Amino acid sequence: MDYTIVLLAIFDGLSYAALVFMVAVGLTLIFGVLRILNVAHGSLYAIGAYLTASIGGAIFAAGFAPILAFPLMLIAAALVGILLGGPIEYLLLRRIYHKPEVLQLLVTFAVFMILEDVQRLVWGNQPYFEASALQMLGNIQVFGVYYTVYQLILLPVVAALTLIGLRVFLRKTLTGRLITAVTEDREAAQSIGIDANRVYLLTFVVGAGLAGLGGALASPTTSVLPGIGAEMIVLSFAVVATAGLGRIEGAAIAALLIGLGRSAATYTFPELQVLVPYLIMLAVLLVRPEGLFGSPAARKI
Amino acid sequence: MSTHLLEARDLEIRFGGVVAADGVNLTIDEGKNLAIIGPNGAGKTTFLNICTGWLKPSRGQVFFLGEDVTRLPPRKIVQRGVARAFQIPQLFSEHTAMENLLIAVSAREGRQSPFLQMEAQPERDEMRELLDLVGCADVADARVDALSEGRRKLVDIAVALALKPRLLLMDEPTSGVASSEKFEIMDILVKALARADVTSVFVEHDMGIVKNYADEVAVWNAGEVQMRGTPDEILAHPDVIRDVIGEEAA
Amino acid sequence: MTIRHILPAIALLLIATIPFTAPALQILLTLALAKAIAVMGVTLLLRAGQVSFGHALFFGIAAYAAAFVAASSLDDLVVLLIAGTLGAAVSGLIVGLFVVRYRGIFFGMLNLAFSMIFWSVLEKFYHYTGGADGLRLPRPSVLGLSLERAPFELLLFYVTLGLTVALGWFVLRFLGSPVGQLFQTVKTNETRLEYLGISARTTLLKGYVLSAALCGTGGILVAVAQGIVTPSYAYWIRSGEMVFIAVLGGAGSIPGAVVGAVAYEVVRAYAAAFAADIWQLVLGVFLLAVILFAPGGLAGIYEGLANRLSRRDAPSANRKPAAKEVHS
């Protein structure tokens, strides 16, 4: 096989993995701390993408410089985190932390249903495409293959910075340690005066913001249209389940595995492209039900 | 040499750095009720977990009626005739006491028909007697999550007995039961076990219970069976008084 | 015989007269009852404490199986029903062997993943599946008789009503039987289940296959009534709708599933004109409201009223609620 195709497949896989990781890491962070799987996470991704593409389209048409696309992405992520993530945690999730898991799933699923229609109401059914950010950074030649700087360099760098940033934040900063403490033992943490509610709120806002950022970053590379949220929640769950729920570093590795597997399929068996992430997940879960880096829960009797 | 009912050979298991069982050998023979005593955290419950397949030892084997059951899952060992009552009762919280027993009996009989209704099972009277035996007939129709801890423990024992086991393992059967009722319940229980040909092993902290109802006593300490004998011998032994009974009294 | 039993009987009789008293509602109720059968599948799993966000998978598989059979020379309603339900049950067994290893989040989400896989297969392999346009399902014969449209629809209505009652009765028998009771203990205590000598996975699998078959039967009936199958049959929105109706009807209540489905379809038929664009949103808000404020659903509300009435009649109130709630 032509090596340029192999290279292209690797590049595709890498940039795709970076995008999926951005979403999956928020999902797994929220689960790790709140013990809730946020089914609406995919919608937050979609809304991040819609915000960036629609506002970007409007301001660039009005003559503003395309460089503004980058701060716009951060603003979109912050909006998703604060305006959506905040109220969801504060008004809804807070009521159900002590409820059975099935019920928590139903609640976030209901939020998912609501947000899917909110997108349709605000942005309609037509696709949005706004690639100024991608075009501005141009192309780069690597081993004779041309690829966009945005996808080959910017996305992986942002993903890597997010991973490292989260690690440092959780281990070195005071807030991060509070989060870790609450994750490990909520009652003990509360007994020494940690406000668990604030930690939960903060974590959810950050996790939601990461989903929004993932969507913002993805928007220049793809058309934003209804249904991307549903696909993304399933896909990012596949990543998170493959890694083991709550495993941040594991999610990065699983995202790479799934991203590369998917792009390998794109160039060999294109019909299977959408299936590959799930096939990888199923294969991993068959061998290790708790995921690659998860540990089986033991029940005390 | 006749086959033992249950035989543990050279069991070893560790949790992190802690050794819960270190080369344990223990045999249980038909018809002799064995009490296991020892300080908290010595590994008594772990022993029951290994014997029933809940935990796998890192070394050693468990035989039931001569068959190696070490690697079998709990349900397969239960199917061979070992039942268990738990320190924290394991019941179906949304069902009544009677329903818990009826579910147990339908598991015992392997009923598959979707048309036979649970209440219509022929063992209804048998189950009522069992509830009566453990002194819970009056709460037969109450949901078990509404019962006191002591009552739940007794229902838990009845559920285990509903399986008609050869061997019954009980983890502190009367903890949580009011002390005024303990002896009465043990009286009935031990008689019922004898009548039904069930051998029992029970982990116990109450030396009064051990003295009155065990045929044999094994002392479990620091991951080992340190001593075994009749209740009179063991309870009078100075080491036991110092390590076990002393701790209980404290 | 109490008011508790009389009211449902009257309601069923009223529904049975619909083709003559309100013919405009006939097709609507056919669809509603067909969905009710599918929702029973989701309700069944709720009794074991599990929620599936992907049961439209079996709804879709059975509908497509029926469409394939209808395209052959065997296009008879009875054959379609048997083939489709069998297809759903077999795929339920295969998917079930995998998903019964999981509970809670994983159970719900893996089911969603399977349904999304099937959905994208339907969309991609358009040579076989017709892609997004789906497949036509021409009106089948009934036991060899070719019927005109009107008598066929009338017959389909009664077949659906009959199946709803028969399958509903069967599921209730199943839940009350030893196998069904063991199935429900997966929700409360798997440790004890294991120590009764029973495999929780096998037990859950039995119920899972039954739930898949129920969803399948519902899917075939909807497909036959609409004359077309599309990938939307297997899409997450359909799964979400089923979960919604199950929770609305009363989590775990089989009669609740039927009442919920009928109420849902009737409201949708009239409200959709005003709220077509925000239908999911309305459902989501309602779902939240039911979960947070009326966790027993319609069945719970009905039980509450019936209890109050019967308490007025006789002082001996029911000892425990008949509908076992998921959230208690």
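Q: In chain B, what share of the contacts with a separation of 6 or more comes from residues 24 or more positions apart?

A: Keeping in mind that this is a predicted model, residues 24 or more positions apart make up 67% of those contacts in chain B.

Q: And what is chain B built from, in terms of helices and strands?

A: Chain B has nine helices and 10 strands, and 46% of its 250 residues count as buried.

Q: How does its radius of gyration sit with what a compact globule would have?

A: The two agree, because a compact globule with 250 residues would have a radius of gyration near 18 Å, and chain B has 18 Å. Along the principal axes, the C-alpha atoms of chain B fill a box of roughly 55 × 40 × 40 Å.

Q: Which strands are in the open sheet of chain B, and in what order?

A: The open sheet has six strands in the order E6-E7-E8-E3-E9-E10, and their pairing is mixed. Strands of a sheet pair through backbone hydrogen bonds, and they can do this either parallel or antiparallel.

Q: Do E6 and E7 pair in a parallel or antiparallel sense?

A: E6(B) and strand E7 (residues 167–171) of chain B pair in the parallel sense over four bridges, and one of the bridge pairs joins B:Val82 to B:Leu167 in E7(B). Helix H1 (residues 44–51) of chain B packs on the sheet, where it touches strands including E6 and E7 of chain B, and the direction of H1 makes about 150 degrees with that of E7(B).

Q: What about E1, which strands does it join?

A: Strand E1 (residues 6–15) of chain B runs antiparallel to strand E2 (residues 18–28) of chain B, with eight bridges between them, and E1(B) is also joined by five bridges to strand E4 (residues 59–64) of chain B, again antiparallel. Among the partners, B:Glu12 is bridged to B:Asp22 in E2(B), while B:Arg9 is bridged to B:Gln61 in E4(B).

Q: How many residues lie between E1 and E2 in their hairpin?

A: There are two residues between E1(B) and E2(B) in the hairpin, and B:Gly16 in the turn has a positive phi of about 60 degrees.

Q: Switching to B:Arg143, where is it found?

A: B:Arg143 is in the loop between helix H4 (124–133) and helix H5 (149–162) of chain B. B:Arg143 counts as partly exposed because it has 19 C-beta neighbours inside 10 Å, whereas a buried residue would need 20 or more.

Q: Last topic, how many residues of chain A are in contact with chain C?

A: In that contact, 33 residues of chain A meet 35 residues of chain C. H4(A) gives the most to this side of chain A, with 16 residues, and the residues of that side divide into 25 nonpolar, no polar and eight charged.

Q: And between chains B and C, how many residues does each one give?

A: The contact takes 25 residues from chain B and 23 residues from chain C, and the residues on the chain B side divide into 12 nonpolar, seven polar and six charged.

Definitions and conventions. Residues are numbered from 1 along each chain as its sequence is written. Chains are lettered from A and ligands numbered from 1 in the order in which they are written. This is a predicted model: local features need pLDDT of at least 70, side-chain atom pairs count only at pLDDT 80 or more; totals for chains, interfaces and linings use all residues. Two residues are in contact if their C-beta atoms, placed from the backbone, lie within 7 Å. Ala, Val, Leu, Ile, Met, Phe, Trp, Tyr, Cys and Pro count as nonpolar, Asp, Glu, Lys and Arg as charged, and the others, Gly among them, as polar. A residue is buried if 20 or more other C-beta atoms lie within 10 Å of its own, exposed if 12 or fewer, and partly exposed in between; C-beta atoms are placed from the backbone. The radius of gyration is taken over C-alpha atoms; the globule rule is 2.2 Å times the number of residues to the power 0.38. Two strands pair if DSSP finds at least two bridges between them. Axes are lines fitted to C-alpha atoms, for helices over the stretch in contact, and angles run from 0 to 180 degrees between N-to-C directions.
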